[in-house]
Amino acid sequence: MADREFDAIIIGAGFSGLYMLHKLRGLGFSAQVIEAADDVGGTWYWNRYPGARCDIESFEYSYSFDEDLQQEWEWSERYAAQPEILRYLQHVAERFDLRRDIEFETRVLAAHWDEGSARWTVTTDTGKSYTAPYCITGLGCLSSFNRPDIPGLDSFAGEVYSTGQWPHQGVDFTGKKVAVIGTGSSAIQSTPVIAAEADRLTIFQRTPNYVVPAQNHPTDREFVGQLKQSYGEFREAQRRSLLGAARVLPQTPKTVLSIPEDEFQAEMEQRWAMGGLVGFMASHLDSGTDRDANERIAEFVRGKIREKVADPDTAELLTPRSYPIATKRLCVDIGYYETFNRDNVELVDLNATPIDTIEPQGVRTSDKLYEADALVLATGFDAMTGSLNRIDIRGRGGEKLREKWAEGPHTHLGLMSAGFPNLFMITGPQSPSVGSNMVVSIEQHVDWIADLLVHLRERGAGQVEPLPESQKEWGEHVDVLFNMSLHPQANTWYLGANVPGKPRVFTVYIGGVHAYRNVCDEVAESGYPGFAID
Ligand code: FAD
């Protein structure tokens, strides 16, 4: 017997869970949020590593649902740092009195659908269970830390930190020898800060990333003043954009190879000077579909690496060559490449000298032992499906989601999965999610789910579930877009390639935020074809 009954159970109290709760309350549904952490924030609660900040401009990477909130909140920098984003989400929780419906320090272990009562029962690690007709996951695409399986890791005598679970009190690396494993976004953000503090920093790299400059600066008050006079229009432009960001140099309506060299260089310099990833993600008509076109853009960025990194051998090691640019989210940097010009920083190429083992004194590669007092694991996430699969989710007939998805996720619109009635996934696999400004995509999912729940209530219906054939078509559509792009030429976390044993399946809808919204809106306006409702 479940302890408590609600209309909806929401798992996770990050951007997704907080807005979902607020939205459902406003519509008269009772909802309970369950959150493993001891406060709100999600990504911004856990990822407290030095240098953590957003890669989408703050006034774009924020909620649009409340006009007073967006008018009153002031961002201090173009790209807010983690403490400020966390403060923002804490403010949202207070402003809308959300915490009273959130159970903190409670991890969901299982969610089982009961066909007789048409309800989900959610059980947790505190022993409490909850029941509701609707279960909504706001688990995050990047919330299951990927701890590397390196022999000897547990034998390390010094401190071990994970970027995704950073201590709240911070870490002082002064006078220490620090080893960072991984060169993804978290390492790119944290290494400049760690290098400035530590005695020595050794960075272990498997695959270099394409890194573009943030060009961060304190908020331009004049610009934000103007923006706030028409924030609504700006938000609408975000929703109607490719990636969910409106302040960006538009896509050049030309094929890359048709542009004369001087014109091309001038334009790319402009994108570089403006900073941010959005201007590089789909810069030209064919930059994401033609490898030669893509190569020209990649070569521009490689030239910048050569300019910034003094030692040519180190510059070469930092230069990505094996995969097309923008086939995974670009990293945004504040002083990353310059870090390698410091005397106390060393880059180790794991392709040439792989890690054999971790010993009490440090990291031993096939070449030698790199001594360390502290180890930082910046090894990414079991992305997209990791947090869903860690919960024992069972749908119709006791079928396990984890087993059904053993060869990759199956969803309709990235929102629901056949066989799992009334289970909704905010930014689920096969939706735009990590290929977009996620707050825009989160709001769109929350609004769509809420509209559907109202539709069910008005029809007196108790259940909704995607039709298997609609789900199949959606999966095929996601694959068609994938195969038209350069993504198949890259081994990325979008494909699960960073997690040993994970099936190589593409999990992001890359048709763009606008196109995706149109599809979802059309489904809603037509009375939800593709879904069985009863
Ligand atoms: P999350 O913020 O991940 O929250 C999920 C919550 O669910 C967590 O609090 C977690 O504790 C909880 N949870 C998970 N499993 C369980 C369980 N079994 N039981 C109970 N609770 C559970 N996106 C952008 O668009 N722009 C950016 O600049 C950007 N920067 C990022 C920087 C970092 C370091 C990371 C890791 C991600 C970044 N992202 C960015 C992606 C980011 O995750 C999303 O933008 C957004 O914060 C996701 O919100 P969410 O609420 O969906 O998920």
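Visitor: What should I know about the model before we start?
Guide: Residues are numbered from 1 along each chain as its sequence is written, and side-chain values use heavy atoms, with hydrogens and water left out. As this is a predicted model, totals for chains, interfaces and linings use all residues, side-chain atom pairs count only at pLDDT 80 or more, and local features need pLDDT of at least 70.

Visitor: Happy with that. Which helix gives the largest share of the shell around the ligand?
Guide: Helices here are DSSP runs (H or I, at least four residues), and strands are E runs of at least two, numbered from the N terminus. At least two shell residues come from each of α1 (15–26), α2 (43–46) and α15 (438–459). The largest share, 3 residues, belongs to α2.

Visitor: How much of the ligand's accessible area does the protein cover?
Guide: A polar contact is a pair of N or O atoms within 3.5 Å; within protein, one must be able to donate a hydrogen and the other to accept it, and residues adjacent in sequence count only if both atoms are side-chain atoms. A backbone N or O atom of V108 lies 2.8 Å from a ligand nitrogen, and one of F15 lies 3.0 Å from a ligand oxygen. Of the 980 Å² that the ligand has on its own (Shrake-Rupley method, 1.4 Å probe; for residues, only the protein chains shown count as cover), the protein covers 95%.

Visitor: Why is the pair of Y134 and F424 classed as it is?
Guide: Rings of Phe, Tyr and Trp (its six-membered ring) pair if their centres lie within 6.5 Å; planes under 30 degrees apart count as stacked, over 60 as edge-to-face and the rest as tilted. The centres of Y134 and F424 are 6.3 Å apart with planes at 55°, so this pair is tilted.

Visitor: Is F424 buried or exposed?
Guide: Buried means under 20% relative accessible area, exposed over 50% and partly exposed in between (1.4 Å probe, protein chains only). F424 has a relative accessible area of 0%, so F424 is buried.

Visitor: And P500, buried or exposed?
Guide: P500 is in the loop between α16 (468–484) and α17 (513–525). Its relative accessible area is 75%, so P500 is exposed.

Visitor: Which arginine lies over the face of F264?
Guide: A charge sits over a ring if NZ of Lys or CZ of Arg is within 6 Å of the ring centre and within 35 degrees of the ring normal. At 4.1 Å from the ring centre of F264, the arginine is R296.
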